[in-house]
Amino acid sequence: MDELRMESKGSRWITVLALAASCFWGVSGATQARETLDMLITGGKVYKQAPGTVVGISDGKISYLGPMIGAEPMVTKQTRIVDAEKSGVYPGFIELHTHYLDTVAFTHIACEINPEAGDAGTQACKKVARRLKSNQWLVGFSAGLFDKPLKQQSPREWLDTHFPNVPTVVIEPHASLVWVNSKGLDEMLVTRHGLDPIGGKILRGGDQQPTGVILGSVAEVVMEKALESHRATLTQLYSQVAKTASCFERHGVTSLGDAGSLWFYGGIDFWQQLARDNRLNVRVSVRPKLSPYKGVNAQLEGLKELYRNDLSDRLLINQVKLHVDGQYHLGTARLSVPYSEPSIDSEPYGLFFFSPTELNTWLMRLNEIGYGAYIHAQGDEAIKAALYSIQNVRRENDDSRFTLSNMRFIHEPLYKLLHDLDVTANFYLLNPEFSRQQPPSHILDKKEAVSISELLKHKVSVALGSAGLYTNKVVPLARISESLQKPEIGIDDIYQAIDSYTIEPAKALGIESITGSLVVGKSADLVIINQDLTAIPAEKIAQAKVMMTVLQGQVTFERGNAGASNQTAGLHKSVKRDKTDEPNKVAALKNNS
């Protein structure tokens with residue numbers, strides 16, 4: 001022990017310092033999980049802990065938080081000691097909503113289409129179309145499909161002009177909205193005489209012919225048909241990607257929720273393979289996406305087989321994702337009053353993809369098999385339907401976790417209900433612009449645009465997130481910085497901003513008992529950042545750099561060390577210390593930024 005102590009003028013002063021530290025931190029600073037440490041992090045500012053706190057890790061868990069003097073007896077020659085001097089130590093970040101596999105698939109299968117650019121905006125997809133095998137669909141993507149100027153053509157006619165020989169679908173990300181050409185509509189058996197299926201809408205012209213615009217569950221079925229034609233490619237792609245580590249740990253992410261949109265097409269297999277190969281460098285909660293169009297019982301049986309709820313595992317499947325309504329900027333979010341400029345003449349209030357009755361049935365049945373839900377609901381009527389259904393579940397079960405994402409309008413009394421029902425509010429679109437239309441004044445007379453500050457005032461759990469669809473937008477530090485720089489967002493406290501990326505999303509995933517905060521006994525999920533985020537201006541937070549990410553005691557990322565993801569703390573990088581070293585300088589994490 002003496003070799004770790006700072007030099008003093010006598011043992012009397014060491015005794016005095018030890019007593020003072022004991023009074024400051026409590027009984028020896030923390031409980032002791034075992035007698036030795038695999039890793040000891042010293043010298044940094046530990047989030048929400050007293051100055052001088054060090055972090056001890058044993059058996060994948062945080063086993064010590066307190067002054068250095070209390071950790072000294074647990075340090076051995078096998079202990080890896082990390083000097084985080086001038087750095088901050090935080091709980092690992094949690095991305096509550098991602099589309100990782102969607103991104104992988106679209107990167108390798110889909111092409112971008114820009115109708116506004118004329119022929120130039122179709123060249124990339126025409127090249128892809130020429131390489132397609134027989135019966136394969138052309139899959140494109142674009143933004144703002146409702147507002148594209150097509151020179152008096154319907155989307156169907158425009159696609160037929162440019163892609164007449166292959167079934168073609170163009171999707172708008174996050175919108176449950178697609179364009180389909182005539183060959184695609186023929187394969188889907190969509191004609192002028194058909195009816196809209198449950199949870200979907202097929203837009204038609206004056207002659208009842210489909211215009212090629214499809215929304216909701218029908219759009220999802222079209223995408224499934226298109227992706228099914230690429231099953232062999234997707235299977236090979238998943239196999240290749242599973243051999244490489246994801247980018248999440250480089251951004252300090254230790255847990256995430258995946259949208260599960262492709263769970264019928266190898267999505268679950270992808271994560272399971274990573275878990276089997278011990279290459280899962282993040283804790284993943286996969287949320288299979290429900291369809292209102294498919295049978296309830298068939299989907300429930302599939303969910304029963306997939307269910308995984310061992311919190312010590314890195315792969316969890318205990319929640320689903322569902323879309324109650326559409327997007328406000330497209331005019332498809334469900335409101336209690338009509339839109340000033342309806343996008344769909346027959347649906348002036350917007351759309352329900354799951355009706356209130358169907359939603360209630362689904363949540364009650366899911367509760368019976370142990371599932372919670374991540375629910376997209378933007379309009380006030382959709383939010384009300386979701387909360388009333390959750391309220392019915394809560395009468396039977398307090399444990400299931402529910403999240404509402406990107407809410408736009410809400411009746412004021414429902415703020416309190418959000419809190420009382422323990423529902424998390426998730427936002428990955430901060431202060432989005434009303435790109436299509438402004439809210440009518442008579443909407444704001446009856447309800448307010450959802451306010452994060454109002455949510456916080458009612459003590460609702462608020463979790464922020466990245467944009468979701470593209471992995472290069474998984475940037476927790478940038479989002480924390482952004483949330484503090486925009487007063488209209490409603491977060492003005494750095495601790496609240498950090499919590500919105502740590503403990504709050506942990507609650508939404510039902511894993512706050514094991515992660516989300518730095519507490520003795522919790523999983524050693526943490527991130528070391530080269531600056532103390534609580535002591536620098538908000539605009540500089542985005543430039544801070546992740547130096548090390550640790551999941552369950554394993555170093556999954558270390559700046560300057562590409563092989564860190566294969567290291568286990570305390571087993572591969574022990575440090576042999578000179579007896580004259582000061583305790584906070586026995587080893588160093590170099591700031592190779």
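## Helix α3

Tyr 100, Leu 101, Asp 102, Thr 103, Val 104, Ala 105 and Ile 109 are the buried residues of α3. The helix spans residues 100-109 and is mostly covered. The count is 7 buried out of 10 residues. Asp 102 and Thr 103 belong to this buried set, as do Leu 101 and Val 104. The model is predicted.

## Helix pair α10 and α11

Helix α10 covers residues 296-306, and helix α11 covers residues 356-368. Their axes come within 11 Å. The crossing angle is roughly 30 degrees. Angles under 35 degrees count as roughly parallel, so α10 is roughly parallel to α11. The crossing of α10 past α11 is right-handed.

Which residues make the contact? From α10 come Val 296, Asn 297, Gln 299, Leu 300 and Leu 303. From α11 come Trp 362, Arg 365 and Leu 366. By class, the contact residues comprise 5 nonpolar, 2 polar and 1 charged.

## Whole protein

The protein has 593 residues, and 57% of them count as buried. Its secondary structure includes 19 helices and 27 strands.

How much of the accessible surface belongs to carbon and sulfur atoms? Their share is 49% of about 24,900 Å². For contacts with a separation of 6 or more, 74% join residues 24 or more positions apart.

Key: Residues are numbered from 1 along each chain as its sequence is written. This is a predicted model: local features need pLDDT of at least 70, side-chain atom pairs count only at pLDDT 80 or more; totals for chains, interfaces and linings use all residues. Side-chain values use heavy atoms; hydrogens and water are left out. Axes are lines fitted to C-alpha atoms, for helices over the stretch in contact, and angles run from 0 to 180 degrees between N-to-C directions. Helices (H or I, at least four residues) and strands (E, at least two) are DSSP runs, numbered from the N terminus. Angles under 35 degrees count as roughly parallel, over 145 as roughly antiparallel, 65 to 115 as roughly perpendicular and the rest as oblique. A crossing is left-handed if the near helix is turned anticlockwise from the far one by less than a right angle, and right-handed if clockwise. Contact means heavy atoms within 4.5 Å. Ala, Val, Leu, Ile, Met, Phe, Trp, Tyr, Cys and Pro count as nonpolar, Asp, Glu, Lys and Arg as charged, and the others, Gly among them, as polar. Buried means under 20% relative accessible area, exposed over 50%, partly exposed in between (1.4 Å probe, protein chains only). Accessible areas come from the Shrake-Rupley method with a 1.4 Å probe; for residues, only the protein chains shown count as cover.
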